[in-house]
Amino acid sequence: MNTPLIGISKSILKIKELINHVAKTCLNVLITGETGVGKEVVAQNLYAESARSSKNFVKINCAALPETLLESELYGYEKGAFTGAHKKRPGKFLTADKGILFLDEIGDMPMSLQSKMLHVLQSGEFSPLGSDQEFKTDVWIIAATNHNLEESMKKKTFREDLFYRLNIIKIDIPPLRERKEDISSLIEYYFRLYQSEYPDNKGSKPDSDILSKLCNYPWPGNVRQLQNCIKKQMILNSWEKVFEELPGEYPEIPSPIPGGNQGRTSSFTKKDLSNDRRDIISEFVDLSTSSDKLFEDISLKKIKKMASDKVEKKVIAFVLEKVGWNRSRAAKILKISYKTLLYKMNEFKVHPPIK
């Protein structure tokens, strides 16, 4: 079953529009983005919208197989081609003929295989291992990677000519933390999907408070991590347990206040703050204002954003200084995309010192 591309963000809407244009052309496509953003989903949608949708969609993970096995999987082999080749076997290029070959994690393909891949893309011809016979194949190549291939080319771990052969159309999928407006739609979709898979475990959809917390979580594992959290919630029927097991910093689910306020006006004043609390809050709120104005300024959501930005700015500046302002290296250390790092440097006004 084809998984739809879920989202209402500008980036997802642009990708949907691009899919509609590109699917009719069968030009080679390179899909980039962090692990878990949905690169295969984009590939499946290209396939579904293309004239090849009645043919095979064949996937191979270039990072999951050792070099010798990857070569035999791609091109097939003749009986006796190597130890263990007891019978002839067709490769993915032949299986995907007239259809689509999805090369996942293309950035991990060994250099020794990249030249052969380039030859097939240029000529459409290949020979199985152990055979002198040339086969002609007509496949639409869609490749995906979470690597920065431009950096890989500089390091001589990825061929420039292969990159330009694959990168005719590029589709970059932003991480989920950069398109938080899609989270609600994704949750709704996967709840419906998993209700049929787990009919005895209905779970509970997030209320507005929990949805806000889910939207504020950075989702380092992107959509795949969100999917797993929804599955867990449907089995355990507890958002609290889901949050407890999320890695890194995450928003806590507030405990009910015993007795509640029951409509009473809070008696909290500025003098109730201990010195350490005053120091922290004074970084974000002017404590010299009147009590009424003070309460207007204390928006937990606003302060959390200010605190998060302050910490991010300090960490980004620290890492950049330590690596001599090498932004590619800093992005890898911070586990964010190069594009995200540039955006945050501009947002936080983090610039190298003027020499």
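Student: Among contacts in the chain between residues at least 6 apart in sequence, what percentage join residues at least 24 apart?

Tutor: A contact means heavy atoms within 4.5 Å. In this chain, 70% of the contacts between residues at least 6 apart join residues at least 24 apart. This is a predicted model, in which local features need pLDDT of at least 70 and side-chain atom pairs count only at pLDDT 80 or more, while totals for chains, interfaces and linings use all residues. Residues are numbered from 1 along each chain as its sequence is written, and side-chain values use heavy atoms, with hydrogens and water left out.

Student: How many helices and strands are there in the chain?

Tutor: Helices (H or I, at least four residues) and strands (E, at least two) are DSSP runs, numbered from the N terminus. The chain has 16 helices and 9 strands.

Student: How is the packing of two helices, such as α15 and α16, to be read?

Tutor: Two packed helices are described by the angle between their axes and the distance between the axes. Axes are lines fitted to C-alpha atoms, for helices over the stretch in contact, and angles run from 0 to 180 degrees between N-to-C directions. Here the axes of α15 (residues 327-334) and α16 (residues 338-348) come within 9 Å and cross at roughly 100°. Angles of 65 to 115 degrees count as roughly perpendicular, and α15 and α16 are therefore roughly perpendicular to each other. The residues that meet include Ala-331 and Leu-334 in α15, with Leu-341 and Met-345 in α16.

Student: Is Arg-179 buried or exposed?

Tutor: Buried means under 20% relative accessible area, exposed over 50%, and partly exposed in between (1.4 Å probe, protein chains only). Arg-179 has a relative accessible area of 2%, and is therefore buried. Arg-179 sits in the loop between β9 (169-172) and α8 (183-197). Its side chain reaches the backbone oxygen of Val-37 at 3.4 Å. Not counting residues up to four places away in sequence, Arg-179 touches several residues, among them Ser-9, Ile-12 and Val-223.

Student: Which side chain does a polar contact join to that of Ser-112?

Tutor: A polar contact is a pair of N or O atoms within 3.5 Å; within protein, one must be able to donate a hydrogen and the other to accept it, and residues adjacent in sequence count only if both atoms are side-chain atoms. The side chain of Ser-112 makes such a contact, of 2.3 Å, with that of Glu-67. Ser-112 lies in helix α5 (residues 111-123) and is partly exposed, at 43% relative accessible area.

Notes
Angles under 35 degrees count as roughly parallel, over 145 as roughly antiparallel, 65 to 115 as roughly perpendicular and the rest as oblique.
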